[in-house]
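Student: Could you show me how to read helix packing and ligand contacts in a model like this one?
Tutor: Gladly; let us look at it together.

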Amino acid sequence: MPPYTSAELRQRWRPEVMRVAPHTPVRLSDYATDYTGDFAKKEAAEILSMGIERLALYQDRLYAQNRYALLIIFQALDAAGKDGTIKHVMSGINPQGCQVFSFKVPSAEELDHDYLWRYAKSLPERGRIGIFNRSYYEEVLVVRVHPELLEHQQLPPECRTGDIWSQRFAEINHFEQYLSQNGIVILKFFLHVSKAVQKKRFLERIDDPAKNWKFSLGDVQERAHWDDYQTAYEGVLSHTSTPWAPWHIIPADHKWFTRLAVAAFIYEKLESLQLHYPTLSSDQQQILGEARATLLKEPEA
Ligand code: ATP
Ligand code: MG
């Protein structure tokens with residue numbers, strides 16, 4: 001992100017504070033929700049807009065090269081800012097190369113399949129960026145917090161004997177390893193908001209008519225399960241951050257920092273792939289030369 005060097009920025013926003021090392025037990029209370037690195041809001045906005053331009057450039061190369069796909073997973077409690085982050089960070093991206101899927105309560109058809117089915121159907125093609133706004137992690141989060149949801153999944157009794165959550169963590173890790181071995185690069189973001197800021201944002205949704213549409217009574221009911229969700233997230237973050245699909249715990253009390261941090265991690269990952277436009281073989285170059293000659297021979301209209 002010129003004029004800043006990547007190394008200089010890295011020192012200032014300290015990505016290691018947010019990255020979850022594989023197989024490391026996570027206690028969310030050890031992660032600040034209001035961390036902002038060494039940035040002020042105004043400067044962060046400038047860096048973000050430069051970053052967004054560079055992301056568009058990388059996306060173009062990703063698309064042209066048609067080798068990798070990028071899957072970006074967002075998980076969070078309500079009002080942590082998933083939607084706004086997706087909107088801002090992807091604002092420079094060519095819509096043809098990007099798709100966002102928001103996963104809600106599963107339909108009857110989806111419940112009649114294995115739990116990964118609906119997510120597998122929505123994976124990005126090579127050359128594309130796929131964004132999951134909620135994901136298969138709901139299967140070890142909301143379903144764990146509300147065990148009656150597991151009943152709706154109609155599993156036969158012999159599939160319910162062991163520790164289903166450990167089993168699902170292992171299945172998800174394998175699934176993601178399989179994806180990564182097929183060229184699907186995975187980044188996972190947990191937007192970590194404090195209980196006080198969630199309350200403030202819910203109140204804004206109630207008090208501001210322009211935000212009323214965002215308010216849902218269900219969100220307040222889920223808030224009553226705050227501690228259960230924190231524990232369920234700790235389970236996910238402790239068991240499913242892997243070298244091939246790392247988790248990032250993104251402080252979410254300040255939206256401007258959330259957006260900067262997410263953009264920076266995506267930028268860093270795309271940079272590491274050394275994406276480039278395909279180079280043509282000499283045969284292909286000859287075909288281009290012939291096409292050029294044909295076009296130039298056409299009489300002027
Ligand atoms: P927003 O509120 O910003 O529109 P959202 O992601 O919260 O976004 P909602 O329609 O409010 O969207 O909520 C979706 C609900 O679907 C969440 O409560 C989530 O926990 C639930 N959900 C998602 N996946 C599953 C699942 N596999 N099983 C059960 N519930 C799920
Ligand atoms: Mg919601």
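Student: How are H1 and H12 oriented to each other?
Tutor: In general, angles under 35 degrees count as roughly parallel, over 145 as roughly antiparallel, 65 to 115 as roughly perpendicular and the rest as oblique. In this predicted model, helix H1 (residues 6-13) and helix H12 (residues 255-272) pack at about 140 degrees with axes 12 Å apart, and they are therefore oblique to each other. Here axes are lines fitted to C-alpha atoms, for helices over the stretch in contact, and angles run from 0 to 180 degrees between N-to-C directions. Helices are DSSP runs (H or I, at least four residues), numbered from the N terminus.

Student: Which residues make that contact?
Tutor: Contact means heavy atoms within 4.5 Å. Ser 6, Arg 10 and Trp 13 of H1 touch Ala 261, Ala 264, Phe 265, Tyr 267, Glu 268 and Glu 271 of H12. By class there are 5 nonpolar, 1 polar and 3 charged residues, where Ala, Val, Leu, Ile, Met, Phe, Trp, Tyr, Cys and Pro count as nonpolar, Asp, Glu, Lys and Arg as charged, and the others, Gly among them, as polar.

Student: In which hand does H3 pass H12, left or right?
Tutor: A crossing is left-handed if the near helix is turned anticlockwise from the far one by less than a right angle, and right-handed if clockwise. H3 passes H12 in a right-handed crossing. The contact joins Gly 84, Thr 85, His 88 and Val 89 of H3 to Thr 258, Arg 259, Val 262, Ala 263 and Ile 266 of H12.

Student: And at what angle do H2 and H12 cross?
Tutor: Roughly 30 degrees, with the axes of helix H2 (residues 41-65) and H12 coming within 9 Å. That crossing is left-handed. Among the residues that meet are Leu 48 and Leu 55 in H2 and Leu 260 and Ile 266 in H12. The contact has 12 nonpolar, no polar and 4 charged residues.

Student: Which residues come nearest to ligand 1?
Tutor: A residue is near a molecule if one of its heavy atoms lies within 4 Å of it. Of the 15 residues around ligand 1, Asp 78, Lys 104, Arg 134, Glu 138 and Glu 139 come nearest.

Student: What polar contact does Arg 134 make with ligand 1?
Tutor: A polar contact with a ligand is a pair of N or O atoms within 3.5 Å. A polar side-chain atom of Arg 134 sits 2.6 Å from an oxygen atom of ligand 1.

Student: What conventions apply here?
Tutor: Residues are numbered from 1 along each chain as its sequence is written, and chains are lettered from A and ligands numbered from 1 in the order in which they are written. Local features need pLDDT of at least 70, side-chain atom pairs count only at pLDDT 80 or more, and totals for chains, interfaces and linings use all residues, while side-chain values use heavy atoms, with hydrogens and water left out.

Terms used:
Helix = DSSP H or I, 4+ residues; strand = E, 2+ residues; numbered from the N terminus. Polar contact = N/O pair within 3.5 Å; in protein donor to acceptor, adjacent residues only side chain to side chain.
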